[in-house]
Amino acid sequence: MTNATTTTTTNPPWVNKPKLSSLRRMGCSWNHLSLSPQKPSSQELRLKINCSAQSVLHFPKQSSAPPTVPTSNSTAITTISCPKEEAKPKADSCFSGGGWNLLQRVAAAALDAVEGKLTEHELEHPLPRTADPRVQIAGNFAPVPEQPVCHALPVAGKIPECINGVYVRNGANPHFEPVAGHHFFDGDGMVHAVQFKNGAASYACRFTETQRLVQEKALGRPVFPKAIGELHGHSGIARLMLFYARGIFGLLDHSNGTGVANAGLVYFNNRLLAMSEDDIPYHVSVTPSGDLKTVERYDFDGQLKSTMIAHPKLDPVSGELFALSYDVIQKPYLKYFRFSKTGKKSPDVEIPVPDPTMMHDFAITERFFIVPDQQVVFKISEMIRGGSPVVYDKNKVSRFGVLNKYAKDASEMKWVEVPDCFCFHLWNAWEEPETDEIVVIGSCMTPPDSIFNECDEGLKSVLSEIRLNLKTGKSTRKPIIQNPSEEVNLEAGMVNRNKLGRKTRYAYLAIAEPWPKVSGFAKVDLFTGEVKKFIYGDEKYGGEPLFLPRNSDSDAEDDGYILAFVHDEKTWKSELQIVNSQTLHLEATVKLPSRVPYGFHGTFITATDLSTQAV
Ligand SMILES: [Fe+2]
């Protein structure tokens, strides 16, 4: 991803502290990897992608207090505040330090000293922009405190009667002040929820209580490595070793995951699941009052033994959930599996790929699933050489794999090359039997690794139609928007999810401009290339537009509403905008009681679905 904008940024107060005074901006690179928790021994270090590396662009800038205070050199200074939550060590926690024996206390002191030296050394050198908290969590990328549920919010306009339920959106929200490197994607997961009941709206936001957050809160400081901001080069290796050493001495427990659960959300089998692809999901419940509560780290009743990507696909017809798991260290690098409507997991299907590859998203059709095996790969050896383990492999030819959704193994998988294609997200796919083609709709990014490594070349994200001919094994790729004057970076969005895997005419996507901010959304006619834009307003920015169908059996595919969190960078207020998706008329604006940072992906849970929620 790219990072926050360079100009007019505001920084969290902590970054102005003396200990970070030596930080300077600089162009460069790094990467994301996080440890797989399951292997405590140092020789079993398993780096896993923390791909919260989601949407690159769902985030622009600033906080709930006073906005920016410009300095003489035109760079803004922060007045934003990070959540001032007190770390409350739990006396009864085995990770609080209170129960440590003498050896543990000695080990903790020694490891703390090593970490202190390491941090001191790191801060002697400029941090890359992609790991500099002054860049990464400036402006409305900055974290907020939890907001207990607030009812009867002011509404301008009228909330459509058909909207009943709760809109939830995930995001990265670091609980603790960054010690050194920090990338926006590294933040702890926080879910923002707007509940609609009888024309009224409430709002709440809560951290997802991941295993890492629970332990760090008990200790009163961050101790888990930050997958993107810290794990690169030699210092990244050192931090991994510190992490595992603390595990060996029982100073922390990484056996139950290290993920931040900050990227995706899906409501499946009566559970809202918060996900990041470096861990298994977390079950978060919506309380009757509209608040949120973390239930548990959810392994589907013991069935899920590996990580799961944050973009599983829910088939609107069968109710099944399809997913991938990938590993950046050891084979199998890629696995596919599915869950029945009632949550029964299928056996894993191992998919042979030659290298561990970034695979943030995939697609389904009625009969197939499609995986993008592209040019952004993981080379841990690069870390040993001092660089980033996320690499753009120019010698690799991108390809898409197609396999029957119910295949028991990958022997019949068909690979179709799609040269120079890198789609971080795939918005939909469908079959066109008349031409033996699979049509895939995605946003093709250039440079391919610009999400992960800073580069001088401006990022482009082109909404594209990719055709995979299963008979000839050939592909074609073309921009959907043919008119050059209409060209725009499009990322983060969706089609009507009731049509997922089927031919869809419309996609609703974030207008990721000025990059990386999102100034509005585009409704794109995928058949004609026609674009209709809705702009959030003067100095108002948002993120992923959520398309909410009016109902599941409406004749018109675009009959529904777009919901989007929007932040006004002039007034420093946040709101939820509700836009008619046929007319692009703003129907209602819900004024929110506190700032909503730019974030990642969301979903909507209808009141009917909520009524059967598992708790
Ligand atoms: Fe994503």
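Helices (H or I, at least four residues) and strands (E, at least two) are DSSP runs, numbered from the N terminus. This is a predicted model, in which local features need pLDDT of at least 70, side-chain atom pairs count only at pLDDT 80 or more, and totals for chains, interfaces and linings use all residues. Residues are numbered from 1 along each chain as its sequence is written, and side-chain values use heavy atoms, with hydrogens and water left out.

**Helix 3**

G220, which comes after helix 3, has a positive phi near 85°. Helix 3 spans residues 211-219, and its buried residues are R212, L213, Q215, E216 and A218. Buried here means under 20% relative accessible area, exposed over 50%, and partly exposed in between (1.4 Å probe, protein chains only). Strand 9 (200-207) is included in what covers these buried residues, where contact means heavy atoms within 4.5 Å.

**Salt bridges**

A salt bridge is a side-chain nitrogen of Lys or Arg within 4 Å of a carboxyl oxygen of Asp or Glu. The structure holds 32 of these salt bridges.

| Pair | N to O distance |
|---|---|
| R367 and E431 | 2.8 Å |
| R467 and E432 | 2.9 Å |
| D559 and R550 | 2.7 Å |

R467 lies in strand 26 (residues 460-469) and E432 in strand 24, so this bridge ties together parts 35 residues apart in sequence. R467 is buried at 18% relative accessibility, and E432 is buried at 8%. A network of salt bridges links D112, E115, R221, R239 and R246.

D393 sits in the loop between strand 21 (390-392) and strand 22 (399-404). D393 is buried but has no salt bridge, and the nearest side chain of opposite charge, K379, is 4.2 Å away. For charge, Lys and Arg count as positive and Asp and Glu as negative; His and the chain ends are not counted. A polar atom of the D393 side chain lies 3.0 Å from the backbone nitrogen of N395. Beyond its neighbours within four places in sequence, D393 is in contact with Q375, V377 and K379.

**F521**

F521 belongs to strand 30 (residues 520-525) and is buried, at 0% relative accessibility. The C-alpha atoms of F521 and A507 are separated by 10.0 Å, the two residues being 14 residues apart along the chain. Leaving aside neighbours within four places in sequence, the contacts of F521 include L509, I511, F534, Y536, I562 and V579.

Conventions:
A polar contact is a pair of N or O atoms within 3.5 Å; within protein, one must be able to donate a hydrogen and the other to accept it, and residues adjacent in sequence count only if both atoms are side-chain atoms.
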